[in-house]
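Please read them with the structure open.

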Amino acid sequence: MDSLYNTYLKMLTTPFDDPSSDLPDISPEDYPALFALADRHCTLPFVLPYFRNTGLYPQILQKSKHMMLNYYQIDQFTRRTVSLLEKHGITCFVMKGISLAASYPVPEYRKLGDLDLYINDKDAFHCAEQILHENGYLDEEELSDHHTTYRYMFEKTGRSFLLELHYRVVGVYQYKPANQLIDEVFSAENLKAETQEINGSSYHVFPPAEYVFYMIHHMLKHYLYSGFGIRLLFDFSFYLEQHAQEVDFAKIHSWCQKSHILHLYESVLETCRIYLNLPEMIDPDVHYDLSDCDAFLSRILEDGDLGADVSQELVGSHSYKKVNLLTYFREGHLQMKSTFFQKQDAVRFCWPVLWPITFFCFLKNTYTLRNTTFLETLQRFKESNQKTQLIRILKTAIPDGVAACIYTSRNPVSDNFSSILCWISCGFRWTATD
C-alpha cells in the first residue's frame with residue numbers, strides 16, 4: 001500500500017490523546033496530500049489534532065465545525081420527520097445517518113448527507129407520501145428503483161435537507177434470488193423493529209444481523225458503480241464492534257451465500273481487522289487474502305467518499321479473467337438474451353438483427369446518459385471488471401445469459417420508445433443515488 005495511505009490510516013486509528021500510542025511520523029511535505037485525502041473521505045475531524053501546528057489547521061477546524069453543525073441539523077430533521085409520520089400512525093426505520101453515527105466514539109465526527117427512512121408496508125408508504133406532501137416536503141426529481149426523494153426547507157434558516165423514503169432497502173438486482181432474499185429478510189412479516197435511543201429520541205432501526213446484511217449490500221452497490229470511501233468501512237467496523245454480541249453470524253453467512261456476496265463480507269471484515277482495529281474475536285473463523293485486502297482498501301482510498309460520477313459507470317454480468325474484444329461481444333450478447341428471451345436458445349434467427357440494435361442503444365446511452373465516449377466507457381468496463389475480480393463476486397452468482405447488474409430506474413419499461421431503448425441497451429444502468 002502507498003506510504004501516504006499507511007500514514008493516513010495510522011492517523012485515523014491512533015488515539016491522539018493516549019500518550020502510550022505510537023503516533024505516526026509525518027513529513028511536512030505530506031501534510032497537504034493528507035489534508036486532501038481526509039477531506040475527500042470526510043474524515044477531517046479524526047485528523048484535526050495532527051494539523052494543530054500547521055497552516056492548514058484553521059481550514060480543517062472550520063470544515064470540522066461545519067460537519068458537526070450539520071450533524072445536529074440532520075438530527076433535528078430526523079426528529080421532525082419521524083415524529084410527523086408517527087403522529088399519523090406510520091412506523092418507519094431509520095437507516096444509516098445518526099443511527100450509525102451513534103456507534104462512533106464521537107457521533108458528530110460522522111459526516112451526514114441526507115435522511116434515509118424505510119417503510120416496508122405498501123399502504124403505509126403511500127400514506128406517508130401524502131402526509132409529506134401536505135407538510136411542505138417537495139418532490140425531488142430522481143430516478144430510483146428503491147426510494148422516492150423529497151426536499152424540505154426550514155423557513156427560519158433557509159437550510160434545506162433531502163429525505164430518501166425507501167420502499168426497498170437497496171436497488172433491484174437482475175439476479176432474482178438476491179432480490180427475493182432481500183425482500184424476504186426486510187419484509188413486514190419478518191423484520192422486527194428494534195428501538196434505538198439517539199440524543200433523547202427513540203427510533204425504530206434494523207436488528208443487528210439485518211443491519212450488517214444491509215450494510216454489505218449497500219457497500220456492494222457503491223463499490224460496483226461509483227466506489228465508496230472509508231466512511232462505510234468505519235460504519236461497519238464501529239457498528240459491529242458495538243453490537244457483536246447481538247449479531248447472529250450464522251444468519252449473516254447464510255444470507256451472504258444465498259445472495260452471492262460472501263466474499264465481499266469476508267474482505268470487508270478482514271480489512272476492518274487489519275486496518276481499522278476491529279477485534280479478531282468478532283466472527284473469528286472468517287478470513288480473506290491479505291494482499292487482496294490491501295488492494296481492496298487501496299481502491300477504496302483512491303475512490304474518495306462514495307466515489308465518483310456514477311452516471312458513467314457500466315458493470316458487466318460476469319467477472320472476466322481477461323477483457324478483450326470477444327469479452328465485449330459476449331457481454332453484449334448475454335445482456336441481449338437476458339433482455340429479450342426467457343429461454344436462451346429461443347429465436348436464434350433474430351440475433352443478427354438484435355446485435356446492431358443493442359449496439360446502437362449502447363452508443364446512444366454512452367453519449368446521452370453516461371455523457372462520456374465509447375473508448376472511455378470500455379475502459380471503465382475493464383476497471384469495473386477488476387473490482388469484481390478482486391472480491392470474487394458475480395462470477396459464481398450468474399448463470400450464462402442472466403445479468404447481475406443493478407437497475408436504478410424506478411420504471412424500466414415505459415410507453416416511451418426512447419425509454420425502452422435505454423432499458424434494453426445491454427442492461428446498462430441509468431443512475432444511482434444514495
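The points below go from confidence to cysteines, then to local geometry and packing.

1. **Confidence.** This is a predicted model. Mean pLDDT for the chain is 80. Of its residues, 72% reach 70 or more. Two stretches need care. Over residues 307-319, pLDDT stays under 50. The model still has 60 contacts there beyond four places in sequence. Residues 338-346 also stay under 50, with 16 such contacts. Where pLDDT is low, the predicted coordinates should not be read in detail.

2. How many disulfides does a search of the whole structure find? The count is zero. Cys293, for one, is in no disulfide. Its nearest cysteine sulfur belongs to Cys272 and is 9.4 Å away.

3. Is Cys293 buried or exposed? Cys293 is buried, with a relative accessible area of 0%. Cys127 is partly exposed, at 32%. Cys42 has a relative accessible area of 16%. The cut-off for buried is under 20%, so Cys42 counts as buried.

4. **Helix 11 and helix 12.** Helix 11 covers residues 262-276 and helix 12 covers residues 290-303. The two pack at an angle of about 85 degrees, with axes 9 Å apart. That angle makes helix 11 roughly perpendicular to helix 12. Which residues of helix 11 meet helix 12? They are Leu264, Ser267, Val268, Glu270, Thr271, Ile274 and Tyr275. On the helix 12 side, the partners are Leu290, Cys293, Asp294, Phe296 and Leu297.

5. **The hairpin.** Strand 7 (residues 194-198) and strand 8 run antiparallel, joined by five bridges. They form a hairpin with two residues between them. Ile198 stands opposite Ser201 in strand 8. In the turn, Asn199 has a positive phi of about 50 degrees.

6. **Faces of strand 8.** Strand 8 covers residues 201-205. Which of its residues form the covered face? Ser201, Tyr203 and Val205 do. Ser202 and His204 make up the uncovered face. Ser201 therefore sits on the covered face and stands opposite Ile198.

7. **Positive phi in loops.** Two non-glycine residues deserve a look. Cys42 has phi near 55 degrees, a positive value. Cys42 lies in the loop between helix 2 (31-40) and helix 3 (44-47). Lys96 also has a positive phi, near 55 degrees. Where is Lys96 found? It is in the loop between strand 1 (93-95) and helix 5 (97-101). Lys96 counts as buried, at 8% relative accessibility.

8. **Ile182.** Ile182 lies in helix 7 (residues 176-185). It is buried, with a relative accessible area of 2%. Which residues does Ile182 touch, not counting those up to four places away in sequence? Arg168, Val169, Val170, Tyr173, Phe213 and His217. Ile182 and Arg168 are 14 residues apart in sequence. Their C-alpha atoms are 8.6 Å apart in space.

Methods
Residues are numbered from 1 along each chain as its sequence is written. This is a predicted model: local features need pLDDT of at least 70, side-chain atom pairs count only at pLDDT 80 or more; totals for chains, interfaces and linings use all residues. Side-chain values use heavy atoms; hydrogens and water are left out. pLDDT is the predictor's confidence in each residue, from 0 to 100. Contact means heavy atoms within 4.5 Å. A disulfide is a pair of cysteine sulfur atoms within 2.5 Å. Buried means under 20% relative accessible area, exposed over 50%, partly exposed in between (1.4 Å probe, protein chains only). Helices (H or I, at least four residues) and strands (E, at least two) are DSSP runs, numbered from the N terminus. Two strands pair if DSSP finds at least two bridges between them. Axes are lines fitted to C-alpha atoms, for helices over the stretch in contact, and angles run from 0 to 180 degrees between N-to-C directions. Angles under 35 degrees count as roughly parallel, over 145 as roughly antiparallel, 65 to 115 as roughly perpendicular and the rest as oblique.
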